[in-house]
Amino acid sequence: MKACNPRRFVPANCRVQGPPLVPEIELYLASEGLPLWQAGEAELAAAGLPEPFWAFAWAGGQGLARYLLDNPALIASKRALDFAAGSGLAGIAAALAGANRIEAADTDPFALAALTHNGALNGVALEALAEDLIGRANPGWDVVLAGDVCYEQPLAARAFPWLKDMAAGGALVLLGDPGRSYLPKTGLERLAAYGLKTCRALEDTDLRNAVVWRVL
């Protein structure tokens, strides 16, 4: 396993599968037995690869995707942003639920390749944005989607005030999170929760409660 062109790397090192909460969506994901699953941080660094967060369907993103598919009126005919998109799962769900334009932003070129491949797998087009959007004014997003952005303090501390600004400006901001350590304690309205079996190797637990929050 070596770093190469991201568009070639993704299909060569992943398998197509449907996440448990949203089996109707197919994604290129790391699977047990594949080198990408088994690689540690040192091995990834030696291969010139960033940590492959895009290669896993994290619980918060799955909950967010399930909520959109079950509540299409929230997103139908809207312009949406999938922020810190990773695999693009939330953006794909938005498209399948009827959004008319979906931008998916991530700073990892492998994530951008993955979400492009994943969109094609599901017959939808995601506009890939290779930039850190935090601090940027809203160019017209009606809905902002953020799955699993509270797993580390620096990102949560930067992202949440910006997400609150998006909400204050009139956007519907939906946050998918399974109880990460840096989830804010205030400024959120709980909308839905989904029990989800997880892999202990990834989540340190066999079950997560994937909660969808509205940022106030």
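Asn122 sits in the loop that joins α6 (109–121) to β5 (127–129). Helices (H or I, at least four residues) and strands (E, at least two) are DSSP runs, numbered from the N terminus. This is a predicted model: local features need pLDDT of at least 70, side-chain atom pairs count only at pLDDT 80 or more, and totals for chains, interfaces and linings use all residues. Residues are numbered from 1 along each chain as its sequence is written, and side-chain values use heavy atoms, with hydrogens and water left out.

Is Asn122 buried or exposed? Asn122 is buried, at a relative accessible area of 15%. Buried means under 20% relative accessible area, exposed over 50%, and partly exposed in between (1.4 Å probe, protein chains only). Leaving aside neighbours within four places in sequence, Asn122 is in contact with Glu24, Ile25, Glu26, Ile92 and Leu96. Contact means heavy atoms within 4.5 Å.

**The chain as a whole**

The chain has eight helices and nine strands. Of its 216 residues, 53% are buried. Among contacts with a separation of 6 or more, 67% join residues 24 or more positions apart.

**Helix α5**

Helix α5 covers residues 89–96, and seven of its eight residues are buried. Those seven are Leu89, Ala90, Gly91, Ile92, Ala93, Ala94 and Ala95. Their cover includes β2 (27–29), α4 (59–70), β3 (79–83), β4 (101–105), α6 and β6 (143–147). Gly98 follows α5, and its phi is positive, near 115°.

**Cores**

A nonpolar core is a set of buried Ala, Val, Leu, Ile, Met, Phe, Trp, Tyr and Cys residues joined through side-chain atoms within 4.5 Å. The largest one holds 38 residues, and Ile25, Ile75 and Leu145 touch the most other members. Beyond its neighbours within four places in sequence, Ile75 is in contact with Leu68, Ala80, Ala94, Ala97, Gly98, Ala99 and Val143. A second, separate core has 27 residues, including Phe83, Ala146, Val149 and Leu155.

**Cysteines**

How many disulfides does a search of the whole structure find? The search finds zero. A disulfide here is a pair of cysteine sulfur atoms within 2.5 Å. Cys14 is buried, with a relative accessible area of 9%. Cys150 is also buried, at 3%.

On a 1 Å grid over the protein atoms alone, a cavity is a set of points where a 1.4 Å probe fits but cannot get out. A pocket is an open set with protein on both sides within 12 Å along at least five of seven lines, and lining residues have an atom within 4 Å of a point. Grid points are joined across faces, edges and corners, and a volume is the space filled by probe spheres set on the points.

| Space | Volume | Lining by class |
|---|---|---|
| Largest cavity | about 30 Å³ | seven nonpolar, no polar, no charged residues |
| Largest pocket | about 760 Å³ | 18 nonpolar, six polar, 13 charged residues |

Ala, Val, Leu, Ile, Met, Phe, Trp, Tyr, Cys and Pro count as nonpolar, Asp, Glu, Lys and Arg as charged, and the others, Gly among them, as polar.

The structure holds one cavity of 30 Å³ or more. Phe9, Leu36, Leu49, Pro50, Pro52, Trp54 and Phe110 line the largest cavity.

The largest pocket is lined by 37 residues. Phe53, Ala84, Asp106, Asp148 and Tyr151 lie nearest its centre. At least two lining residues come from each of α4, β3, α5, α7 (153–168) and α8 (200–203).
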